[in-house]
Every structure is written in structure tokens, then in C-alpha cells.
Amino acid sequence: MAEAGRVRAVLFDLDGTLVDTAPDLIDTLNTLRHCRGLPPMEAHLLRPQASHGTQGLIRLGLGVGADHPDFPGLRSEFLDIYQANLSRRSRLFPEMGQVLEVLEGRGLAWGVVTNKPAFLTEPLLDQLGLGHRAACVVSGDTCARNKPHPEPVLHACRHMTIAPGDCIYVGDAARDVEAARAAGMPALVALYGYLGETDQPAEWGASGFIRSPLGLMDWLNQA
């Protein structure tokens, strides 16, 4: 495991860690509800599901699970609406812009490892002016297996030619910590992300916890 003083790169989960994508995801779900004559759901109820993608949002917002025959059509409709509104309200989390500038100023690489599919990940990062700055972008369909399998994390390390032990992963879900640990990489839990009431991050085996993006800099400064 890397110690804070020897970290050469930082890998971020996307939704709920690097970018606050929940507003556009929630708007998309509520558009589906509106089309079906249903009132909008309050954001605080849907926000914790934003890290779990389309499946979690449709299950909570429309009561349709992935095994339901209506799910494929709902998922397709959701993605069409969302793709057209990727960055309408999505923004870097407060302080994250400063964090990225500091990392770049120190010569530390940073990248994205997400389960979001590439056809959504790459345009979103480009629209936010981040695509050309990231040292690597690994989407949910880049590798044969996605998180919690370690392969996407290891793929990012190979792309950057940096050993896993010299990187750190920051995410807001148990699968993020599991993937990083399996790759031999320490992980920090972004407590400002999309954690639900039943999540128990203290039980995930993370190397640490940050309550805001600037907490990452405090961790890196420990040496």
C-alpha cells in the first residue's frame, strides 16, 4: 500500500466523487415520471441512488427492477433523455477545481475510473472541460469487467505507467474501495458523495475518509 508521501497519481470515481451529476440524473428520472402522470420525487430521496446508475434510479423512482420486462425500454428512454442533458446542471463538486489545479501543479497525474459507460462519460468530461486534462479515463465498458473488479483500476495504472501502489483511489461506494484494495491500491471514501442512510463506509476497509474534496489535499500532505 502506498503511503501518502509517495502517491504519484489520484484516480477518481466520477458520479458522486469528482462531479456532482445527481441534478441531471434526478431531472431525467422526474421527466420519466412526468411523462407517466407522476409527480416529481424530491431530490434528497433520489440523490443517494445517483451512484448506482440508471438501474437504481428507475427502481426507486418507477418501481421497476432490472428483471422487469419494462426495464429495457425505460432504461433506453432514460438514457436518451440524460444523454441530451449531460451537463445541464452537473458541475465539479465545490473545491474540486482547486484540488485538480493543485494536483497538476505538483506534477501528480489524475484520472477517472467509473462504471458509467463511455458514451456518457467522455462527452460529460469534455463538456466540463476535463477530458483533455485527465491522464486516463476508464469507463464502465472499457474493460471486460467493471468495479468492484480491480481490472478497470489496473487498466488505468497501466495506461499511466504508474504502479498501483503509487496511486490512490477516491470514491463514494463500497465497490470503489473493493476494486482499489484488490488492485493493491489505498482508497479514500468521499463522505460528501452519494452515500445512503444504510451505507456503512467504516466497514469498507478504506484507508481514510474525506468530508470535502480539499480533505484529499490534507491526506496527501501527511508524510
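Colleague: What covers the buried residues of α5?

Modeller: The cover includes β1 (9–12), β3 (91–92), β4 (109–113) and α9 (214–220). Helices (H or I, at least four residues) and strands (E, at least two) are DSSP runs, numbered from the N terminus. This is a predicted model, so local features need pLDDT of at least 70 and side-chain atom pairs count only at pLDDT 80 or more, while totals for chains, interfaces and linings use all residues. Residues are numbered from 1 along each chain as its sequence is written, and side-chain values use heavy atoms, leaving out hydrogens and water.

Colleague: Which residues of α5 are buried, and how do you know that they line one face of the helix?

Modeller: Met-96, Val-99, Leu-100 and Leu-103 are the buried ones. Down the axis of α5 they fall within an arc of 95 degrees, so they line one face; the arc is that of the directions from the helix axis to the C-beta atoms. On the other side, Glu-101 and Gly-105 are exposed.

Colleague: Why is Ser-139 called buried?

Modeller: Buried means under 20% relative accessible area, exposed over 50%, partly exposed in between (1.4 Å probe, protein chains only). Ser-139 has 1%, so it counts as buried. Leaving aside neighbours within four places in sequence, Ser-139 is in contact (heavy atoms within 4.5 Å) with Thr-114, Lys-116, Pro-117, Ala-118 and Thr-121.

Colleague: And what makes Arg-59 partly exposed?

Modeller: Its relative accessibility is 41%, so Arg-59 lands in the in-between class. Arg-59 sits in helix α3 (residues 53–62) and, again leaving aside neighbours within four places in sequence, is in contact with Gln-49 and Val-64.
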